[in-house]
Each structure stands twice: as C-alpha cells, then as structure tokens.
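I opened my notebook for a first look around this one. Come along as I jot down what I looked up.

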Amino acid sequence: MTSRRDALKSLLLGSMIVSAPNSLGALAAAASDSGQPLRIPPVLTGDWHNGVREFFLTLQAGTTRFYRDVDTPTWGINGSYLGPTLRMRDGDPVRLHVHNQLDEQSVLHWHGMDVPARADGGPNQQVLPGDTWSPAFQVRQPAASCWYHSHTMHLSGPQVYKGLAGMLIIDDDSSDQLDLPSDYGVDDIPVIIQDRIFDADGNMVYPERMEDHMVGVRGDTIVVNGTLNPIFRASTGRIRLRLLNAANARNFTLALSNGQRFWQIATDNGLMEAPVELTQLVLTPGERAEIIVDTRGTEAFKLINVPVPPSNVPHYGLFTELLMQMDRQAFDILTLQPSGESTTGSPPTLPQQLAHIDWIPREAATRTRRMLLQMGEGQGNGGGLGGGPRSRKEFGGWGGGVHKINGRKMDMNYIEATIIAGTTEIWEIANETPMIHPFHIHKVHFQILERNGEPPLPSERGLKDTVNVPAQGSVKVIAKFTGPGDPITTYMFHCHILEHEDHGMMGQFIIV
Ligand code: C2O
Ligand code: CU
Ligand code: CU
C-alpha cells in the first residue's frame, strides 16, 4: 500500500503543482491524454404519488472507471459514484426514500434546504444497513443549487470521499422567467469539484494520518462529476456553471485560463440581485456559486485553480508546513471547448435584475451568539486519530486531533442554542486557529454582515449557508430561524472540512 506515502507526498511536496494532466504519471496517461468528456449526472425529478413527489435513493457500493480499464471501488447513490441531480420546485411536497445497501450506517443531508429538523438528515437520523429512511417536507425556498451528502457521525469524511454526494437543484417560477441558460447538460452544467488520492492500482485512498485529519484530507487529483481530466464541449455562446466545492477540505480559487471575466449570478441559496462580474472566485468546502461563462471563440480554455498567497497565519513546525502548502497549488479543473454555435455569435446577454433579496436589518436581531472555532489547545499530541505517536514539537505545540466549538467537541447530548421559532439572531463566528474554516449552519439562509469588520465580498452578497471564516478572524452573519419548532430534534452547525466535523468541530441547535 502506498497510501501513506502518497498522502505525505501530496501534502508535503505539493504534488499538484502541475498544469495538465492533473494526476499521477502512468495512470493519468492511461486515463486519457486529451481528456474525457465531462460526466453529467442524470436528473431525478421524482414520481408523483398521491400529490407527493417521491424520490427513491439507494446508497450502494460499486466500481467506477476514473482511469481507462481500471475499476475503482466507490460508493454512490443510485449509481457507483456520486448521485443523480435531484430536481424539485418551490412549493412541492416531497418525500425521499433513502435506502442503505451499504454495510455501514449512513444518512443523507439536504445541504442548503430549509426543512423540518426530523427531515434534515444528520447524526440524528442514521440509517442502518438494510434500512430505509423516508423524510417528507414541503419545499419552500427560492431557486438554488444545493447539494446532498452523507452526514454520518464520525464518518462523513470517508463516506463523502467514497462518493456519497450529489447536486440538488431547486426551481421556482420567477427564475423560470429569466433569460438564463437552463438546458441541463447543454448550457446549464453541474460542476461538482473534488480532490482525491489514487494509488498505483487505481484505488481511492483515504489517508488516515493524524496530520491529514488535523488540516483536513486533500487529494492530488481533481475529479469533476467523477471525471478525471474533464472536457466540456460548449455548443452555445454562454453557459451556466453550477459550481459546487464538494471537496473534503480544499479551498478553490477559480478563474478562467484565458484571464476572461465571468458573471456570478447565484450564491449558495439562490440568485443574487444582479450579476457580479469577476475574474476570480473563492469557494470553500460546501459553498456553491452559479456563474455564466462566455464560451464564444475557437480556442479551448480552462476553469483553473489559481494559487493564492497562503491564507493561513504562519505558525511553526510540520503543521505550519501543511498549512502553508494548502493554497499554493495551481491546477486545472475543467477544459471548456467551444464548438458549433459557440464559435460565432454575439456577446451573451444577461438580465440585469435577477432576484429580490429581503436584506435583514441588524436591528431585527434579538441576540448575538458567539461561536469560537478551536483546534488543539494543549491537548498533547492527539495520538488518538490513528496517526501513531508523534512528538509534540513536530506539530509546533498545536497538539492534534482536537477540533471544538466553544470549548466542546460535538456531543449528541449537548445543545448549544435553543432558539424560539421566528427569532432573528446574529452569529459571530470567531476562529482562533491558524487556518480557514468554512462554517455551515443547517436550515437557515443567512446574510453575511461583516468579515473582520469589513463588508462581505461582492461574490458573497446573497443568501448563504456556508461562510469562509479566515484564520484568526471572525465573521458575523444574520439569519431568521423560522419554524416549525420541534422540541426534540436538533439541527447541526459545523466546520465543513469534513474531517473537522467528524472529529468534533460541530454543535447542535434546536428551534422550539
Ligand atoms: Cu453539508 Cu452539515 O453539511
Ligand atoms: Cu447543511
Ligand atoms: Cu475546520
């Protein structure tokens, strides 16, 4: 097994410092020198039964061909890797049947959806092997690109890594009226971005070293919708990319290889008020954005990750080395090849008014809660994560493996916040650690008030459920916590670096 060595290589040597193809020598060459067509997940719209839209989802094991002639063991939903794109509409009554054919417990969480606690899918609603869980709710939120993924206590990291994730698109009447690309798979494209490690036999490797879990698991190979070296042939002059950072821990700073601008039209939970012109866009794990790309021309170009100056605060020891590597790697994500109509045509147009957003005034908040994100904190060397004994010095005194919020690891028996239905609150998320954490709150769609005292970026001015909380910085968000109340079932809030979530950087709130 080369897993540890590969993991070490990917973290210490920054083996992603390559342009293309984006992977390990021999296997990558076998995959395809010129790239593979981007896989488009099939759409599942559900079947109407007695006025309810029902979705049948089976968690299953299988094999996937990332590399030519290599069957890689993976997990998926109604397939071998990832799941179908679920498509539902504002107002729909839906029921999802999550059937677990795996040999360990699992569950799916509808990330970005405002659903009753019992239907949310989290550590509270585990589905044992052979069982089926059937949450029901009414969709009541604007058009958005959401997603779903495993949210199993202590196992979200490895389960998502194996493939338990998919996109979930919500439609509504007002977005239907807009002149936006909306032909799924043709000019409206899901882009599920992940990083993985493959060993020499083509098996996906989930690193177990403590260091990888401290900072979160990062791979040296990019897969998009489960495709290695993906190419998308654009047949129209403008395309809409529904970007999802579904990596366990890696941040992406996205740009186009030709330096061209693009237009962001949506944040996590829906359309923005107006398109925002950008040349770069940062997505931390769990975040989504929809962008419009001008694909007119004859030359292929790429969606790339650009290296950014290290966002993490310098520390010392090996831990610092790992942190410093994180954002310094350049790599390709998706090749866009104009074809047909997109080689000519006039400049793409975009509606100037997209959606109406009800900005919540600060005064509407009846309280401010503080959530302090913590790591290590003098807990010794944290050898409990399977990394074996390590010297304290090696980790610069950061200890290891202890991820907490407000001094606590996730505890199923502890509820951090009890909120009365209908209350508006400001949450101040403070980060005392030397690295970024993407903070996610279930159920609510919040608005970012400030980051380190500054207004949010233009790319963040919309409805959000996950926010980049900088190293040793803080972010304030405001949200209304609507009902229905439920006196016993909790919602989660957590860091969306899945290893941090699994190791305790998660807490619970309840709406009563
Ligand atoms: Cu996307 Cu609680 O997770
Ligand atoms: Cu969520
Ligand atoms: Cu974190």
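**Entry 1, the largest pocket.** I sorted the residues that line the largest pocket and got ten nonpolar, eight polar and six charged. I keep in mind that this is a predicted model. The space in this pocket comes to about 500 Å³. Of the 24 lining residues, I noted P142, D358, H445, Q447 and L463 as the closest to the centre of the pocket. I also asked which elements supply at least two residues of the lining. Among them I found helix 4 (173-176), strand 20 (270-278) and strand 32.

The largest cavity has a volume of about 70 Å³. Its lining includes I405, R408, K409, F493 and M506. By type, I sorted the lining of the largest cavity into five nonpolar, two polar and four charged residues. Which strand gives the most to this lining? I found that strand 34 (residues 506-511) does, with three residues.

H109 belongs to strand 8 (residues 108-111) and H440 to strand 29, so the two tie together parts that are 331 residues apart in sequence. I checked both H109 and H440 for burial, and both are buried.

I traced a sheet of five strands, open and with mixed pairing, in the order 26-25-28-32-30. At its edges I found strand 26 (403-405) and strand 30 (447-451), each of which pairs on one side only. From one strand to the next, the twist averages 20°. I then looked at how strand 30 meets strand 32 (residues 474-481): they run antiparallel and are joined by four bridges. As one example, I noted that R451 has V475 in strand 32 as its bridge partner.

A reminder to myself: most residues other than glycine have a negative phi, and most peptide bonds are trans. With that in mind, I looked for exceptions.

- K443 is not a glycine, yet has a positive phi of about 70°. I placed K443 in the loop between strand 29 and strand 30. Its relative accessibility is 4%, under the 20% limit, so K443 counts as buried.
- Q472 also has a positive phi, near 50°. I found Q472 in the loop between strand 31 (466-469) and strand 32. Q472 has 46% relative accessibility and so counts as partly exposed.
- G483 and P484 are joined by a cis peptide bond, with omega about 5°. I located P484 in the loop between strand 32 and strand 33.

Key: Residues numbered from 1 in each chain as written. Chains lettered and ligands numbered in written order. Predicted model: local features only at pLDDT ≥ 70, side-chain atom pairs only at ≥ 80, totals over all residues. Heavy atoms only, no water. Pairing = 2+ DSSP bridges. Axes fitted to C-alpha atoms, helices over the stretch in contact; angles between N-to-C directions. 1 Å grid on protein atoms, 1.4 Å probe; cavity = no way out; pocket = protein on both sides within 12 Å on 5 of 7 lines; lining within 4 Å. Points joined across faces, edges and corners; volume = space filled by probe spheres on them. Nonpolar A, V, L, I, M, F, W, Y, C, P; charged D, E, K, R; others polar. Buried < 20%, exposed > 50% of the residue type's maximum accessible area, 1.4 Å probe, protein only.
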